[in-house]
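Here is a short briefing to read alongside the model. Keep the viewer open and follow the topics one by one.

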Amino acid sequence: MDFAFDARTQELRAKLLTFMEQYVYPAETTAHEQRLRLTSPWDTPAVVEELKAEARSQGLWNLFLPDAEHGAGLTNLQYAPLAEITGRSPHLAPTALNCAAPDTGNMEVLAQFGSDEQKKRWLEPLLAGEIRSAFAMTEPEVASSDATNIETRIAKEGDEYVITGRKWYISGAMNPDCKIFIVMGKTDPENEDVRRQQSMVLVPRDTPGVEVRRAMQVYGYEDHSHGGHAEVVFHGARVPVENLVGEEGGGFAIAQARLGPGRIHHCMRLIGMAERAIELMCRRAVARTAFGKPIAQQGVVQEWIADARVAVEQLRLLVLKTAWLMDTVGNRGAHTEIQAIKIATPRTVLDIIDRAVQVHGAGGVSQDFPLAELWAAARTLRIADGPDEVHQRSLARRELKKYL
């Protein structure tokens, strides 16, 4: 990738590429081996903390946060090539740089909407990588792609909020370092404006009435590297009214503000995942022989590799355009492009990874290569942060308005 990025981006990109080669890739096997020896599979392997310390010492820390007061102060366009690099090792590199979801979105929420006390108690340790967090929005009983469906109740009683509801696929909640939940629920379910019914509150993990019930599987396995995806039940959990994030009725708007950057960050990393898959596919193709000649000489494999390269270059340009628009005209101005990349990137990258799996044969679905985990992650992102169909519906409506 030879785009004319500014000097700071080029410097950080070169430093990050070296960091990946010297520290992250070698740590992938180490992290897996250490995890097998942990008392709990949800504990953090020692090598992850070592990576975090090294990344911080090199200035590769909180790169995602454009707020210069709390983060690196990079624009979306500057962060894009860096996030792509971390996507080559998505279960390790983002955590090492303190740039892993859902913490990134939660830190953005606290930085934008949190009170001074909330920032001191929760944002500062998150920025320091001392604790982890979770974002509790998705529910099993309703179609959570429509946030107005959320049923969890946040009832005000005196100087407390009482939270009652059931959430699931709450990323990171199984990690014992996860100390705080940002919970979305309804404070005013009778409000005629369905987008003013929801609010967000901060709920410490150790609050009485908070039950982390179980880890939800993703395609048959548990995602230990990111702290799992938990089912969490709130049995009348009580928190002070000071734990409200922003204002009552502002939950829907905050969620939208949070999801915009989150969606593009996922797409940035997905391109890195595709690049890793292409590299593995090419290495496998030249190293394996079938029917008397290297797999790389098989016409169908050459077509897969060529199509993958074309697709990645197209996606990267669209993501970079989206990042530039977010920087110049804001998330609202980039709404169409954000939806476009959220539709196209997971779908296309999923196909590339699938071809790489095919080239690897049985090895492609094994634990000896990262492809199976990459495939599951890409497939999940066709649902996370809004399923394809929701974005397609909204994007189509915007297009049709031009002709009405």
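**Helix packing and salt bridges**

Helix 5 and helix 6 pass each other in a left-handed crossing. The model is a predicted one, and a search of the whole structure finds 23 salt bridges. The points below begin with the helix pair, then turn to the annotated domains, the charged pairs and one arginine.

**The helix 5 and helix 6 pair**

- Two packed helices are described by the angle between their axes and the distance between the axes.
- For helix 5 (residues 103–113) and helix 6 (residues 116–127), the axes come within 10 Å and the crossing angle is roughly 145 degrees.
- Helix 5 brings D103, M107, L110, A111 and F113 to the contact, while helix 6 brings Q118, K119, W122, L123, L126 and L127.
- By type, the residues in this contact of helix 5 with helix 6 are eight nonpolar, one polar and two charged.

**Annotated domains**

- An unreviewed UniProt entry places "domain: Acyl-CoA dehydrogenase/oxidase N-terminal" at residues 9–130.
- Residues 9–130 are 65% helix and 0% strand, with end C-alpha atoms 27 Å apart.
- The feature "domain: Acyl-CoA oxidase/dehydrogenase middle" also comes from UniProt (unreviewed entry), at residues 134–227.
- Over residues 134–227 the chain is 45% strand and 0% helix, and the end C-alpha atoms lie 10 Å from each other.

**The R276–E28 salt bridge**

- Side chains of opposite charge can pair when their charged atoms come close.
- R276 pairs with E28 in a salt bridge, and their closest N and O atoms are 3.0 Å apart.
- This pair links distant parts of the chain, with R276 in helix 7 (residues 251–287) and E28 in helix 1 (residues 7–37), 248 residues apart.
- R276 has a relative accessible area of 11%, so it counts as buried, under the 20% cut-off.
- E28 has a relative accessible area of 24%, so E28 is partly exposed.

**The E139–K167 salt bridge**

- E139 and K167 form a salt bridge whose closest N and O atoms are 2.9 Å apart.
- Here too the pair links distant parts of the chain: E139 sits in the loop between strand 1 (132–136) and strand 2 (153–157), and K167 sits in strand 3 (residues 160–171), 28 residues apart.
- Both partners, E139 and K167, are buried.

**The E160–R238 salt bridge**

- E160 makes a salt bridge with R238, where the closest N and O atoms are 3.0 Å apart.
- E160 belongs to strand 3 and R238 to strand 7 (residues 229–240), so the pair links distant parts of the chain, 78 residues apart.
- E160 counts as partly exposed because its relative accessibility is 26%.
- R238 is likewise partly exposed, with a relative accessible area of 39%.

**A salt-bridge network**

- Which residues are linked in a network of salt bridges? They are E141, R166, E211, R213, R214 and E231.

**R397 in helix 11**

- R397 is found in helix 11, which covers residues 388–401.
- With 48% relative accessibility, R397 counts as partly exposed.
- From C-alpha to C-alpha, R397 and D67 are 33 Å apart in space, and 330 residues separate R397 from D67 in sequence.

Key:
Residues numbered from 1 in each chain as written. Predicted model: local features only at pLDDT ≥ 70, side-chain atom pairs only at ≥ 80, totals over all residues. Heavy atoms only, no water. UniProt positions renumbered as here; feature names shortened; annotations may be inferred. Helix = DSSP H or I, 4+ residues; strand = E, 2+ residues; numbered from the N terminus. Buried < 20%, exposed > 50% of the residue type's maximum accessible area, 1.4 Å probe, protein only. Salt bridge = Lys/Arg side-chain N within 4 Å of Asp/Glu carboxyl O. Axes fitted to C-alpha atoms, helices over the stretch in contact; angles between N-to-C directions. Left-handed = near helix turned anticlockwise from the far one by under 90°. Contact = heavy atoms within 4.5 Å. Nonpolar A, V, L, I, M, F, W, Y, C, P; charged D, E, K, R; others polar.
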